[in-house]
Amino acid sequence: MRHTERIERWRQVLDAEKHGADLVRALAPYAGLPPRAAEGATKVLLGALLEAFEELPADPDPRTVEERLGHHGDQPHADEADNGAAVGAGRVLGERIEQLAAALTSDQLKESATALAVPRSMAEHRLRALRRRAQRETGPVVFGSVEDWHRDERMQDAVIEDQLSAAAAANPGTWSPRQRGAVAGAVAEQLKRVAAVLAETCAYPVPPALSWRSVGKRGGLEADVRLPGALAPVGVTATPDERDAGEERGALLFPGPDAEAGWRWQLGWPVVGRGPQSYDSGGAASPAHARFRAERAAADLAAAGGHVRALMDGRLLVPHPRTAPLPEQQLRHFDLPEVLEHVLDIWGADPLCSTEPLPALPHRSTGGEGLSMVAWLGEEMLLPLPAPDEPENRAPVGPDLVAFWRSHGAAVTEPARIYLSAAAQADAGTASVGVRHRAGMHALFAAAAGDLSFELALEDELAPPESGDWTSLLDADTLTHHLQHRAPGQSPVPGLTPGQLAAVRAQIGQAVAVLVHDGFTAWHGNARPEVFRPPAFSAAHRDAERRAHDATRVPEVPDAVVAIRADADPERRGPHATFSYKVEYAAPPHIQMSVGADWGTAVCLPGRHLLDGRPVLAINDSDQQGRPVRIQTIDVVAYFDAGMHGWRAWAEDRTATVTWNNDQPAVTLDEP
């Protein structure tokens with residue numbers, strides 16, 4: 001964005017005309033700062049912040065900036081998104097803000113910290129970061145017990161408290177370098193919050209304004225969002241954040257006018273049987289900032305055509321037309337193991353013993369309460385359910401209900417459909433859960449006995465029992481044991497059979513174990529001799545505890561348990577992984593991967609789910625031969641933690657470049 005465009009955008013979003021076209025005076029209330037922030041030395045400082053944007057190589061992505069600006073020079077940088085120019089701009093801006101604060105005199109620092117209503121916690125955070133940096137340079141401190149560690153933490157916190165109290169009471173000219181650094185760092189952190197607000201106004205088009213109206217005694221706001229085809233009225237609210245008021249906000253670094261309490265905004269709609277539910281929400285610095293964020297969320301909702309779900313609802317706000325073809329990647333799949341797991345969760349360890357009566361139809365009462373077995377399961381699994389006044393509310397598990405599910409972006413596999421259909425048709429009245437479950441299981445056995453293709457489909461989803469006798473799964477303990485051999489929370493991945501998915505999970509689990517073990521080995525090879533000390537904490541004497549706290553030898557690492565869900569939202573966090581491992585817990589590593597709906601077909605089927613020993617969460621770019629050249633993967637951090645847990649590891653989401661030597665890929669992680 002050019003300089004003139006940026007200035008015009010700021011004037012529009014900050015409503016600068018109300019403040020005599022003075023951008024700094026308009027920025028202060030928009031960013032939730034006291035009026036005094038637009039006066040004196042602090043006004044000059046905010047003006048310098050506006051000018052700092054002109055030094056940037058590009059407009060920074062506010063999501064990256066907000067993360068980037070939560071860190072400073074005493075901390076390692078967080079993982080970077082796949083947007084080099086925006087990330088670079090965020091880094092330049094963060095460094096420039098640190099320079100602006102450091103260049104102030106001590107008197108100016110105190111004036112600015114007071115006018116900006118800098119919380120004391122920001123200075124405390126900076127002093128703790130300095131302490132951590134010193135520990136990294138001198139090596140970890142080993143304590144004899146947990147109590148010793150807590151005692152040291154309390155002592156260090158008391159030192160920080162004394163240093164900041166003395167700085168608040170003293171003439172700024174007498175501050176020690178440590179006190180001055182803490183105040184300058186706190187001022188920089190407050191400026192970074194303001195910078196994130198400014199970056200947000202540049203990154204997105206100004207959304208269409210909503211017609212806001214006042215509600216409540218505390219000055220809250222609300223507005224309606226008009227969305228053609230929506231099954232429920234959509235609304236947004238903006239209210240003062242009660243959690244950010246009063247004592248919970250914490251003390252200021254220096255006495256003075258407090259900043260405005262934060263605001264919260266929320267976009268949502270009422271969900272059948274659950275009442276009002278949130279779709280999107282967040283915090284904001286001021287009422288104007290909350291309106292901007294809420295209006296942007298409303299614009300994003302309209303751009304998605306309303307084909308989205310609230311947090312606790314399987315239904316789409318705007319269903320797809322029944323006659324429109326819907327790509328498999330846009331469907332949420334529900335398989336038989338998931339259905340049976342929820343049957344066991346809802347009706348106890350042995351559903352055959354349940355005498356709870358359930359009607360076949362309707363699925364919901366007039367008040368939206370779930371009545372049928374399908375409704376009970378649907379509410380737990382977030383399988384779309386018809387509203388009381390929709391004709392499908394009285395439809396059995398057949399073509400009409402299947403078409404309804406598909407219009408709401410959901411599909412049940414054939415084994416799951418046969419089970420649900422037979423369970424619902426077991427009795428037209430109010431048969432017990434036990435009767436319906438038995439009918440559903442017998443329908444599966446009968447279909448498998450008479451149709452080879454269905455038996456293969458059933459084997460893919462459930463796998464044949466060890467005895468080879470499907471009827472053995474009528475025994476609750478046998479069924480529970482059978483289901484527990486699947487990865488916890490495992491969902492089908494479009495394009496992959498359960499057998500293919502199991503093979504992919506096994507390969508990724510082996511690769512993650514290798515990455516962890518290689519990390520442990522590398523740390524061990526580079527560790528200084530003085531690190532090899534007795535365990536920091538050794539209250540237990542389990543073998544895992546001993547192995548975890550023995551830094552003299554690298555422990556073996558079992559294959560990781562891999563859970564994969566094809567539920568990554570590209571408009572939000574996108575593909576990502578969650579991984580943490582501690583040897584002392586005596587359990588295998590566990591990694592959860594959230595991937596896109598096309599991961600199975602675009603990544604796994606071509607054999608790209610592992611490249612150079614690293615799991616591939618997404619392929620961002622390919623060469624002319626169709627080979628990946630940019631990917632989303634993970635970087636495993638593995639080392640010996642002498643202060644607490646011993647051998648441990650975790651993973652960070654990373655983007656990477658892939659180079660090819662004939663058919664051999666080499667992955668180079670992007671710099672953090």
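User: Which residues of helix H6 are buried?
Analyst: In H6, which spans residues 106-115, the buried ones are Ser 106, Leu 109, Ser 112, Ala 113, Thr 114 and Ala 115. Buried means under 20% relative accessible area, exposed means over 50%, and partly exposed lies in between (1.4 Å probe, protein chains only). Helices (H or I, at least four residues) and strands (E, at least two) are DSSP runs, numbered from the N terminus.

User: What kind of model is it, and what are the pLDDT limits?
Analyst: This is a predicted model: local features need pLDDT of at least 70, side-chain atom pairs count only at pLDDT 80 or more, and totals for chains, interfaces and linings use all residues. Residues are numbered from 1 along each chain as its sequence is written, and side-chain values use heavy atoms, with hydrogens and water left out.

User: Back to H6. What happens just after it?
Analyst: Ala 117 takes a positive phi of about 55 degrees there. Ala 117 sits in the loop between H6 and H7.

User: Is Ala 117 buried or exposed?
Analyst: Ala 117 counts as buried, at 4% relative accessibility.

User: Which residue in the loop between strand S15 and S16 is worth a look?
Analyst: Asn 662 is found in that loop, S15 being residues 646-661. Asn 662 has a positive phi of about 60 degrees although it is not a glycine.

User: And is Asn 662 buried or exposed?
Analyst: Asn 662 is exposed, with a relative accessible area of 64%.

User: Which peptide bond is cis?
Analyst: The bond from Leu 361 to Pro 362 is cis, with omega near 0 degrees. Pro 362 lies in the loop between H11 and helix H12 (373-381).

User: OK, H11 then. At what angle do H11 and H15 pack?
Analyst: H11 (residues 336-347) and H15 (residues 433-450) pack at about 160 degrees, with their axes 12 Å apart. That makes H11 roughly antiparallel to H15. Axes are lines fitted to C-alpha atoms, for helices over the stretch in contact, and angles run from 0 to 180 degrees between N-to-C directions. Angles under 35 degrees count as roughly parallel, over 145 as roughly antiparallel, 65 to 115 as roughly perpendicular and the rest as oblique.

User: Which residues make the contact?
Analyst: From H11, Leu 336, Leu 340, Val 343 and Trp 347; from H15, Val 433, His 437, Met 441 and Leu 444. Contact means heavy atoms within 4.5 Å.

User: Why would residues three or four places apart point the same way?
Analyst: An α-helix has 3.6 residues a turn, so residues at that spacing point the same way.

User: How many charged residues are in the contact of H11 with H15?
Analyst: By class, that contact has no charged residues, 7 nonpolar and 1 polar. Ala, Val, Leu, Ile, Met, Phe, Trp, Tyr, Cys and Pro count as nonpolar, Asp, Glu, Lys and Arg as charged, and the others, Gly among them, as polar.

User: Switching to charges. How many salt bridges?
Analyst: The count comes to 21 salt bridges, where a salt bridge is a side-chain nitrogen of Lys or Arg within 4 Å of a carboxyl oxygen of Asp or Glu.

User: What does Lys 192 pair with?
Analyst: Lys 192 meets Glu 98 in a salt bridge at 2.6 Å, N to O. Lys 192 lies in helix H9 (residues 177-203) and Glu 98 in helix H5 (residues 84-102), so the pair ties together parts 94 residues apart in sequence. Lys 192 is buried at 2% relative accessible area, while Glu 98 is partly exposed at 21%.

User: Which network of salt bridges are they in?
Analyst: Glu 98, Arg 126, Glu 189 and Lys 192 are linked in a network of salt bridges.

User: What about Glu 161 and Arg 120?
Analyst: Their side chains form a salt bridge at 3.3 Å, N to O. Glu 161 lies in H8 (residues 146-169) and Arg 120 in H7 (residues 120-138), so the pair ties together parts that are 41 residues apart in sequence. Glu 161 counts as partly exposed at 36% relative accessibility, and Arg 120 counts as buried at 14%.

User: How many helices and strands in the protein?
Analyst: The protein has 20 helices and 16 strands. Buried residues make up 49% of its 672 residues.
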